[in-house]
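Okay, thanks everyone, let's get going.

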Amino acid sequence: PGPIEQARARLAGIAAQPRLAGAAGAMAGVLDDLAERPDRRTDARRFLAVHLDGLERIALRLDAGAEPPPGLPQLLDDLQSAAEDLRGRLRAEESAALDIQVKVLSERLRQEGYA
């Protein structure tokens, strides 16, 4: 399996913890976006390395019986927000690239006398 599939398997284990499901779901969305855009994998590698590794370590500690510290809910919200922000940036960059492509093609059609 490739890195996306490996990350999905790791997230499946993390999502088994109900309190981690929101952050894990948001990260799964990042993986969905990356699977559709293989050229963007390097852009999100650091995100996944830091956030996925950290969330996985939290899940392991909780599975081992650790009591959640008071700051855990806020951290999980922050992780979820970071994943959602990354998805938004990826979509915005794709939208900007599409806009440029449409303008270039429109101009080319005008130059060729088709528009």
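This is a predicted model: local features need pLDDT of at least 70, side-chain atom pairs count only at pLDDT 80 or more; totals for chains, interfaces and linings use all residues.

Numbering runs from 1 along each chain as its sequence is written, and side-chain values use heavy atoms, with hydrogens and water left out.

Searching the whole structure turns up seven of them. Let me show you a few.

Take Asp32 and Arg8: they form a salt bridge, and the closest N and O atoms are 2.8 Å apart. Asp32 sits in helix H2 and Arg8 in helix H1, 24 residues apart, so this pair links distant parts of the chain. Helices here, by the way, are DSSP runs of H or I with at least four residues, strands are E runs of at least two, and both are numbered from the N terminus. How covered are the two partners? Asp32 is partly exposed at 35% relative accessibility, and Arg8 is partly exposed too, at 33%. For the cut-offs, buried is under 20% relative accessible area, exposed is over 50%, and partly exposed is in between, with a 1.4 Å probe and protein chains only.

Next up, Arg10 and Glu56, whose side chains meet in a salt bridge at 2.8 Å, N to O. Arg10 is in helix H1 and Glu56 in helix H3, residues 41–63, so they tie together parts that are 46 residues apart in sequence. Arg10 comes out partly exposed at 27%, and Glu56 likewise counts as partly exposed, at 24%.

Then there's Arg87 with Asp33, where the closest N and O atoms of the salt bridge are 2.9 Å apart. That one links helix H4, where Arg87 is, to helix H2, where Asp33 is, across 54 residues.

Okay, on to the buried residues. Gln17 is in the loop between helix H1 (3–15) and helix H2 (21–36). Is Gln17 buried or exposed? Buried, with a relative accessible area of 12%. What does Gln17 touch, if we leave aside its neighbours within four places in sequence? Ala59, Leu62 and Asp63, where contact means heavy atoms within 4.5 Å. With Asp63 there's also a side-chain polar contact at 2.4 Å. A polar contact is a pair of N or O atoms within 3.5 Å; within protein, one must be able to donate a hydrogen and the other to accept it, and residues adjacent in sequence count only if both atoms are side-chain atoms.

His51, in helix H3, is buried as well, at 19%. Again skipping neighbours within four places in sequence, His51 is in contact with Met27, Leu79 and Ala82.

Last stop, the surface. Tyr114 is in the segment after helix H4 (72–112) and is exposed at 67%. Together, Leu105, Leu109 and Tyr114 make a nonpolar surface patch of about 350 Å². Patches take residues with over 30% relative accessible area and no salt bridge, joining like charges within 9 Å and nonpolar side chains (Val, Leu, Ile, Met, Phe, Trp, Tyr) within 5 Å; the areas are Shrake-Rupley with a 1.4 Å probe, and for residues only the protein chains shown count as cover.

How values were computed
A salt bridge is a side-chain nitrogen of Lys or Arg within 4 Å of a carboxyl oxygen of Asp or Glu.
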